[in-house]
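I opened my notebook for a first look at this model. Here is what I looked up, entry by entry.

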Amino acid sequence: MCRQHAIDYDRPETIEETAELVTSLGGTGIPIQVDTSRSHRFQALANRIRDDHGAIDVLVNDIWGAEILKGHPPT
């Protein structure tokens, strides 16, 4: 599988790898990259999930990007 959604943060995994992990643990991991700060894009994602799957059980928004806006947390 092509790992096309690498992130700009200091994290090794891609969203595809995260979805594969969810699936390997018994769930259904679906890698979808969306900018949730844009309400129309988030609404489109919600509509897609509802149309494709009827409902969503868990949504993981793991990378939120505030360190770009505010800097990294103090160490």
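Entry 1. How many residues apart in helix α2 are Asp52 and Arg48? I noted first that I am reading a predicted model. In it, Asp52 and Arg48 sit 4 residues apart in helix α2, which spans residues 39–53. I wrote down that this spacing separates Asp52 and Arg48 by about one helical turn.

Entry 2. I then looked up how the two side chains meet. Asp52 and Arg48 form a salt bridge, at 3.7 Å from N to O. The structure holds 1 salt bridge.

Entry 3. I stepped back to the whole protein. I found 3 helices and 0 strands, and along the sequence the pattern reads α-α-α.

Entry 4. I checked burial and surface next. Of the protein's 75 residues, 9% count as buried. The accessible surface comes to about 6,400 Å², and carbon and sulfur atoms hold 52% of it. Among contacts between residues at least 6 apart in sequence, 22% join residues at least 24 apart.

Entry 5. Where is confidence lowest, and where is it highest? I found the lowest in helix α3 (residues 66–70), with a mean of 65, and the highest in α2, at 89. Over the protein the mean pLDDT is 76, and 63% of residues reach 70 or more.

Technical notes:
Residues are numbered from 1 along each chain as its sequence is written. This is a predicted model: local features need pLDDT of at least 70, side-chain atom pairs count only at pLDDT 80 or more; totals for chains, interfaces and linings use all residues. Side-chain values use heavy atoms; hydrogens and water are left out. A salt bridge is a side-chain nitrogen of Lys or Arg within 4 Å of a carboxyl oxygen of Asp or Glu. Helices (H or I, at least four residues) and strands (E, at least two) are DSSP runs, numbered from the N terminus. Buried means under 20% relative accessible area, exposed over 50%, partly exposed in between (1.4 Å probe, protein chains only). Contact means heavy atoms within 4.5 Å. Accessible areas come from the Shrake-Rupley method with a 1.4 Å probe; for residues, only the protein chains shown count as cover. pLDDT is the predictor's confidence in each residue, from 0 to 100.
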